[in-house]
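Visitor: I have a structure to go through with you. Please take my questions one at a time and end each answer on the value or name I ask for.

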Amino acid sequence: MKKEMVCISCPKGCRMTVEYEGDKVLEVLGNSCSKGWDYAVDEITKPVRIVTSTVKVRGGKLTVVPVKTNKPVRRHLIFDVMNEIYKAEVKAPVKEGQVIIKNAADSGADIIATLDLKKI
Amino acid sequence: MIEKRSLVIIGAGPAGLAAAVKAKKAGIKDVLLIDRDIQLGGILKQCIHNGFGLHVFKEELTGPEFALRYIREIEELKVEYKLNTMVISVDKNKRITTVNPDDGLIVYEARSIILAMGCRERPRGALRIPGTNPSGIFSAGTAQRFVNIEGMKPGKTALILGSGDIGLIMARRLTLEGMKVRAVCEIMPHPGGLTRNIVQCLEDFNIPLKLSTTVIAIHGKRRIEGVTIAQVDDSFKPVKGTEKYIECDMLLLSVGLIPENELAEEAGVELDPVTGGARVNQYLETNIDGIYACGNVLHVHDLVDYVAIEAEKAAKSAVRKIKGKTRKIKKRIELITGNGIRYTVPQFIDVTDKEEKIKIYFRSTSIMESIKINAICKDEIIFSKKLKRVAPAEMEYIIISTDDIRGRKMIIEARAK
């Protein structure tokens with residue numbers, strides 16, 4: 001089987017032709033680095049994405065703090081992860097890198113803050 | 001009262017931050033960074049998505065993380081900065097008039113100025129969409145600020161006009177926050193944003209992208225209730241019979257950015273009508289001696305990494321000028337955009353007494369495949385580079401040696417291989 005895809009590992013966005021059988025990748029054409037191969041394998045077998053959002057903050061200079069998953073999560077889990085993010089609330093001050101939810105929705109990824117936020 | 005500084009940088013977004021760090025590290029003690037916002041970082045603070053920093057930091061960061069890297073350096077290096085401070089005017093003698101609630105009016109006199117004010121979004125008024133003027137029409141960046149910084153939902157159901165990157169990013173962001181995005185409409189036959197954003201922001205969430213389609217009417221009195229969209233022909237005129245009503249309580253506009261150059265114009269800086277930014281040489285110096293421009297105020301960039309790299313270059317040039325280490329200019333070469341080239345930066349090259357490799361950035365007018373980029377002086381091709389594909393959304397560059405340039409003009413063009 002052949003599939004055309006655009007690698008999203010970086011903004012270059014290489015257009016690739018991926019040849020595969022079942023979930024085994026045989027050949028990747030058009031990628032300019034090894035990330036392209038890894039991306040193709042992930043897309044065929046188990047697509048993953050970094051999820052970014054915001055979490056509610058109590059007593060902070062702002063009412064929300066930006067967060068992300070500390071590693072890519074399976075694409076079909078994005079909304080499960082988001083559901084935990086909606087419910088979460090953190091108390092100011094918040095430090096960049098601070099873990100806000102551990103192993104969100106059993107995805108294997110933690111939700112961490114991406115910005116420092118001071119108390120009011 | 002007039003205060004003196006060697007270097008004043010206007011704008012503390014990615015360009016201003018990167019320039020300030022670079023100049024301070026290069027030994028300029030009195031660098032002043034000015035911003036009208038109450039925090040450093042500019043628009044990066046609301047760009048909470050990832051994809052930043054791959055070139056500069058060799059890792060994938062979110063906007064706030066990217067900004068924090070520089071902000072921490074600004075603090076460590078003790079770079080002087082003024083927040084909540086509005087620059088009212090800049091003149092050709094490099095006097096900067098500022099005002100803020102704590103100090104009142106302060107005039108700075110600088111030996112060099114770096115313009116790093118970024119850009120603003122094109123508003124509805126620039127599009128001439130007929131219809132009523134209800135609430136619920138936002139530029140994509142305004143909606144982004146509401147959601148990501150203020151923590152508010154601007155509505156329930158959105159239609160996004162324009163497939164610029166901010167529009168694509170907001171399509172995903174609204175979806176993740178439980179809002180419905182009916183479609184992204186793009187008047188051009190090709191998307192405006194990066195392909196990776198089409199994939200991970202639209203395709204991942206099954207949000208339709210309607211190319212060659214635009215909004216021809218806005219409905220609703222107090223609040224927007226819906227829009228009429230229609231397909232357009234080759235001359236961008238709506239095609240009869242393709243009209244469709246879409247119910248929505250938000251219309252997001254992601255229809256381009258305009259460099260914010262009112263201050264530059266007032267100072268007498270010449271602008272390029274295509275980029276909306278200053279006309280600069282290879283040192284990013286404008287027509288006014290000692291005034292430099294970088295980042296989105298110079299031309300709209302695809303990646304913040306390129307903004308930071310460009311800002312460092314402007315800082316390096318400003319530092320050289322302040323230290324009195326500039327070379328004598330022998331002649332000026334005007335760059336002319338030929339077939340298929342929308343603009344170049346720099347717009348002119350100042351040739352000095354030493355050979356120099358010049359990086360010329362350009363954007364194409366349309367998507368072209370298997371082409372050659374030629375540089376032509378006196379009807380002769382002095383440089384040629386093959387490219388698999390160029391697209392208006394993706395900035396490219398060529399490198400030319402000043403020793404190869406003849407005459408006072410150089411045409412940059414794209415031709416089929």
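Visitor: Which residue in strand 17 of chain B is the bridge partner of B:Ser139?

Guide: The model is a predicted one. Strand 10 (residues 137-139) of chain B runs parallel to strand 17 of chain B, and three bridges join them. B:Ser139 is within the range of strand 10, and its bridge partner in strand 17 is B:Leu253.

Visitor: Which residue stands opposite B:Met250?

Guide: Strand 17 of chain B also pairs with strand 11 (residues 157-161) of chain B. That pairing is in the parallel sense and has four bridges. The residue that stands opposite B:Met250 is B:Ala158.

Visitor: Which residues of strand 17 of chain B are buried on the one side, and which on the other?

Guide: In a regular strand the side chains alternate between the two faces of the sheet. Strand 17 (residues 250-253) of chain B has both faces covered. On one side the buried residues are B:Met250 and B:Leu252, and on the other they are B:Leu251 and B:Leu253.

Visitor: How many disulfides does the structure hold over all chains?

Guide: A disulfide needs two cysteine sulfur atoms within 2.5 Å. The sulfur of A:Cys14 has its closest cysteine sulfur in A:Cys7, 6.2 Å away, so the two are too far apart for a bond. For B:Cys294 the closest cysteine sulfur is in B:Cys119, at 13 Å, which is also too far. Over all chains, the number of disulfides is zero.

Visitor: Are A:Cys14 and B:Cys294 buried or exposed?

Guide: Buried means under 20% relative accessible area. A:Cys14 has a relative accessible area of 15%, so it is buried. B:Cys294 has 1% relative accessibility and therefore also counts as buried.

Visitor: What is the geometry of the aromatic pair of B:Phe57 and B:Phe66?

Guide: The structure holds six aromatic pairs over all chains, and B:Phe57 with B:Phe66 is one of them. Their ring centres are 5.4 Å apart. Planes over 60 degrees apart count as edge-to-face; with 75° between the planes, this pair is edge-to-face.

Visitor: What is the angle between the planes of B:Phe138 and B:Phe146?

Guide: B:Phe138 is buried, with 14% relative accessibility, and B:Phe146 is partly exposed, with a relative accessible area of 28%. The two form an edge-to-face pair at 5.8 Å centre to centre. The angle between their planes is 80°.

Visitor: In what order do the five strands of the open sheet in chain A lie?

Guide: The pairing in this sheet is mixed. Its edge strands, each pairing on one side only, are strand 8 (89-91) and strand 9 (99-101). The twist averages 45° from one strand to the next. The order of the strands is 8-5-6-10-9.

Visitor: Which residue of strand 10 of chain A is the bridge partner of A:Val67?

Guide: Strand 6 (residues 64-69) and strand 10 (residues 111-113) of chain A pair in the antiparallel sense over three bridges. A:Val67 is within the range of strand 6, and its bridge partner in strand 10 is A:Ala113.

Terms used:
Residues are numbered from 1 along each chain as its sequence is written. Chains are lettered from A and ligands numbered from 1 in the order in which they are written. This is a predicted model: local features need pLDDT of at least 70, side-chain atom pairs count only at pLDDT 80 or more; totals for chains, interfaces and linings use all residues. Side-chain values use heavy atoms; hydrogens and water are left out. Two strands pair if DSSP finds at least two bridges between them. Helices (H or I, at least four residues) and strands (E, at least two) are DSSP runs, numbered from the N terminus. Axes are lines fitted to C-alpha atoms, for helices over the stretch in contact, and angles run from 0 to 180 degrees between N-to-C directions. Buried means under 20% relative accessible area, exposed over 50%, partly exposed in between (1.4 Å probe, protein chains only). Rings of Phe, Tyr and Trp (its six-membered ring) pair if their centres lie within 6.5 Å; planes under 30 degrees apart count as stacked, over 60 as edge-to-face and the rest as tilted.
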